[in-house]
Amino acid sequence: MKKIKSKKTASKKPSAERASQPRKNGVEVVPSCPDAPTNMWINLFALGVSLAAVFWLREYGQDLHVKTQSLVVVAVALALPIILLEWVFIKPWRNPSAGLDFRRVNFNWGRTALKLVGFYLTIGSVAFVYWLFPEYHGSFYDNYYAVVKAVLPWWMALAVPYFYLVDGAMQSPKDGYWQLGSWVMGNTKEVSGKAVGQLYLGWLVKLFFLPLMFVYLGNNLTNLLNFDFSSLLVNFKSVFDFTFNFLFYIDLLFVTVGYVCTLRLFDSHIRTVEPSFLGWGVALIGYQPFWSLFSGTYLKYDDAPAWGYWFWDTPWAYSLWGSIILLLIAIYVWASIPFGIRFSNLTHRGILTNGPYRFTKHPAYISKNISWWMISMPFMVSASGTDALRQSLLLLMVNFIYFMRARTEERHLSWDPTYVAYAHYIAERGTFAFLGRWFPVLRFGHGRLFFRGEDAPAVEPLVSGASTSAKPAAKPA
């Protein structure tokens, strides 16, 4: 990242931190929270429809394969209501971030053909990666491949009218697909390597996370469909096990749907992708197969009896401790619901400011990391105090990884002015705003991992193309 060469020149202008603060009669005004691109009520209604589909599958869908056909049913039951209701009430194609204007008459089959070449090439690249790496061989991903093989021909065919329709309405139609297609056809003059790189990074995110989340969702759905609800009356352990699986099922449902529905027409496309190795590293380390490698070798903090071992003989303490764990996981899942069809790691697909994001920028990370302390209880290792200290330090290292994950995400999003406004709002009104006052280095860095003072020189964005992702204040979502 380049810095401004002349400090004298930089000092003549207000810093990005100060310039973004609204003023009235020379007095700073507490910033307002920007509107979110999603609606919680729509997402909750869609969740209700999807859970009704689960009930239908339990009663009448026994002939459907759980990890393929049934999984598609519950995913569609979530995605379709969100898409339809947002289309009616929010009108996402009008958002500035969608970059669409259907009043334009700019349809061009030649340009669409180049985009289709780029699109089909990226699909072929994903297939090549799955063929090349041993991780994607074997039976673990068989159900994912079965659904992909069934859907892929329809998807490839529907891409033709979709690209033609969207291309004709795009205000800047020469996107990454067009540039990749142009490069394949030998026209390199207008090709941007960064744009093509961002396109492939976006697909790399999808090819890694989608099959993993798909398989996990199928496993949780199987447990949900086969669960014996009469066991809930036996003891709290049954209640805990069911609620634990059910909450993560909801989380995985929104996550899986989010990775599928990356469409500009619904303003759920990828604006930018995290470009730094650090950002990717701290994100991927928490997922398989990387987590098994690092946790088993370096970060195994839970090599001891978990919470149930310590409280099993004290029913009231067992129930209380377990309930707090479930509450933390519920907050984590609550943080997934505002995404609607827009969930995705390592990408910018709109700035969420609703739900728990009204109180803090990272509700999922905070609740998840606290729950790990309560589940594993590394400070209660019975072997020795030294082992307890060692495992507690290891869990602190895991916490630090998530802290850096949060900081890299903020650095990535800081070049969207909507996120800047949101970050300043949280700095003033957020639940943990006091931490920024006590430890200034933790304040919003505005393009940096850490805050370096209001007069710090500006930095160039890691990626270009970030744009306002929420509607103007006059048209709240």
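Trainee: Is Cys-33 buried or exposed?

Mentor: This is a predicted model, in which local features need pLDDT of at least 70, side-chain atom pairs count only at pLDDT 80 or more, and totals for chains, interfaces and linings use all residues. Residues are numbered from 1 along each chain as its sequence is written, and side-chain values use heavy atoms, with hydrogens and water left out. Buried means under 20% relative accessible area, exposed over 50%, and partly exposed in between (1.4 Å probe, protein chains only). Because Cys-33 has 12% relative accessibility, the residue counts as buried.

Trainee: How many disulfides does the count give?

Mentor: A disulfide is a pair of cysteine sulfur atoms within 2.5 Å. By this rule the count is zero.

Trainee: How far apart are the closest N and O atoms of Lys-115 and Asp-175?

Mentor: A salt bridge requires a side-chain nitrogen of Lys or Arg within 4 Å of a carboxyl oxygen of Asp or Glu. Lys-115 and Asp-175 form such a pair, and both are buried. The separation of their closest N and O atoms is 3.9 Å.

Trainee: What is the relative accessibility of Arg-405?

Mentor: Arg-405 meets Glu-409 in a salt bridge. Glu-409 is partly exposed at 25%, whereas Arg-405 is buried, with a relative accessibility of 3%.
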